[in-house]
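Here is a short briefing on one protein model. Have the sequence and the 3D view open as you read.

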Amino acid sequence: MALLIPDFAPTEKLPESKEKWQEIHCELVTPLHGGGVVARESDDKLPVRVTAIRGQLRFWWRLLAQQKWNLSGKRLREAEFRLWGGIGEEAAASLVFLRVQIQNKLKEASLSDYAKGLNDPLGYALFTARKTKTGLPEMKLGKEGLQWIVQWRLSEKVNETDKQQVLETLRWWVTLGGLGGRTRRGCGAFKAEGIKLVPTEEMRELGCKILFLGSDKKVKDAWIDAINEWKETRRKYKTEFRRLLGRNDEYSRHLATIFSRPVYESGQWHGMVIMLPNSSPEVKQILEKTK
């Protein structure tokens with residue numbers, strides 16, 4: 001029996017709306033890196049949290065708002081709080097309702113199931129799951145195969161622009177987002193049905209720079225291709241990145257807009273390294289050398 005996880009109290013009466021619940025069917029295809037309430041743990045009882053999905057949706061909405069809908073500053077904050085909820089001049093509830101139905105049980109996986117060491121292809125993506133010198137144990141990962149349904153519905157207060165923005169936001173999340181941590185390096189990736197994915201042409205139209213796009217592969221092989229390409233890029237521009245990030249990558253936030261991961265398009269998985277348009281000028285200067 002499916003477990004229903006709403007982002008509102010089960011006994012809470014939702015505002016009346018003519019909008020119907022819509023569904024996106026999802027299946028985890030790469031391991032879940034953390035993502036539970038407790039740091040460094042996946043939660044087998046609550047593996048998909050609505051609050052985490054909402055946080056990712058706000059990230060992708062902000063990107064689209066700045067790059068596609070020309071919102072910035074006060075206008076952006078007001079639009080975000082109105083649609084997604086927040087406290088501006090006054091508190092506002094979100095106009096987007098979400099809930100999740102878990103279809104099966106999350107199984108546990110070990111780091112060694114994917115990488116024996118840092119030199120293994122996926123060791124770079126999963127290095128933060130290792131036990132640490134400070135005594136933190138090795139992270140237990142969530143095994144791919146978890147299935148869930150994201151159900152979403154809009155308040156009757158939304159207009160056509162709101163509807164289009166929410167749909168676009170969902171499309172970008174299911175294409176390039178994920179669950180848990182290290183999603184930018186391909187962890188927590190999932191395949192989605194019930195919504196149109198974002199093709200590479202549309203990514204470029206938004207201003208993304210696709211630094212690498214691999215050939216048709218199985219998901220794990222596509223993931224390895226993307227990670228290897230990003231590792232090689234970091235090695236190639238080692239001097240430039242060290243100058244920008246410092247010897248210990250203390251300014252690694254600069255790389256938060258670089259994704260190296262498997263992406264599903266035209267019925268097959270591809271390894272992709274992509275730089276979002278809101279990347280810093282310093283990172284763009286380095287990576288735009290890449291053909």
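## Cavity, rings and a hairpin

Strand β11 gives the largest share of the lining of the largest cavity, four residues. This is a predicted model: local features need pLDDT of at least 70, side-chain atom pairs count only at pLDDT 80 or more, and totals for chains, interfaces and linings use all residues. Residues are numbered from 1 along each chain as its sequence is written, and side-chain values use heavy atoms, with hydrogens and water left out.

**The cavity**

- A cavity is a set of points, on a 1 Å grid over the protein atoms alone, where a 1.4 Å probe fits but cannot get out; lining residues have an atom within 4 Å of a point.
- By this rule there is one cavity of 30 Å³ or more.
- The largest cavity has a volume of about 60 Å³, where volume is the space filled by probe spheres set on grid points joined across faces, edges and corners.
- α3 (160–176), β9 (190–193) and β11 (258–265) each supply at least two lining residues. Helices (H or I, at least four residues) and strands (E, at least two) are DSSP runs, numbered from the N terminus.
- Among the lining residues are Val174, Phe190, Lys191, Arg261, Val263 and Trp269.
- The lining divides into eight nonpolar, one polar and two charged residues. Ala, Val, Leu, Ile, Met, Phe, Trp, Tyr, Cys and Pro count as nonpolar, Asp, Glu, Lys and Arg as charged, and the others, Gly among them, as polar.

**Aromatic contacts**

- The whole structure holds eight aromatic pairs. Rings of Phe, Tyr and Trp (its six-membered ring) pair if their centres lie within 6.5 Å; planes under 30 degrees apart count as stacked, over 60 as edge-to-face and the rest as tilted.
- Trp148 and Phe190 make an edge-to-face pair, 5.4 Å centre to centre with 65 degrees between the planes. This pair links distant parts of the chain: Trp148 is in β8 (residues 147–154) and Phe190 in β9, 42 residues apart.
- Both Trp148 and Phe190 are buried (under 20% relative accessible area, with exposed over 50% and partly exposed in between; 1.4 Å probe, protein chains only).
- Trp173 and Phe190 form a tilted pair, at 5.0 Å centre to centre and 55 degrees between the planes. Here α3 holds Trp173 and β9 holds Phe190, 17 residues apart. Trp173 is buried too.
- Phe59, Trp60, Trp172 and Phe259 form one aromatic cluster.

**Charges over Trp21**

- A charge sits over a ring if NZ of Lys or CZ of Arg is within 6 Å of the ring centre and within 35 degrees of the ring normal.
- The charged end of Arg99 sits over the ring of Trp21, 4.0 Å from its centre.
- The charged end of Arg153 also sits over the Trp21 ring, 5.6 Å from its centre.

- Seven of the eight residues of β11 are buried.
- β11 and β12 run antiparallel, joined by eight bridges; strands pair if DSSP finds at least two bridges between them.
- Val263 has His270 in β12 as its bridge partner.
- Two residues lie between the strands of this hairpin, where Ser266 takes a positive phi near 55 degrees.
- Ser266 is exposed, with a relative accessible area of 74%.

**Another positive phi**

- Most residues other than glycine have a negative phi.
- Arg182 has a positive phi of about 60 degrees, although it is not a glycine.
- Arg182 lies in the loop between α3 and β9. At 24% relative accessibility, Arg182 is partly exposed.

How values were computed. 1 Å grid on protein atoms, 1.4 Å probe; cavity = no way out; pocket = protein on both sides within 12 Å on 5 of 7 lines; lining within 4 Å.
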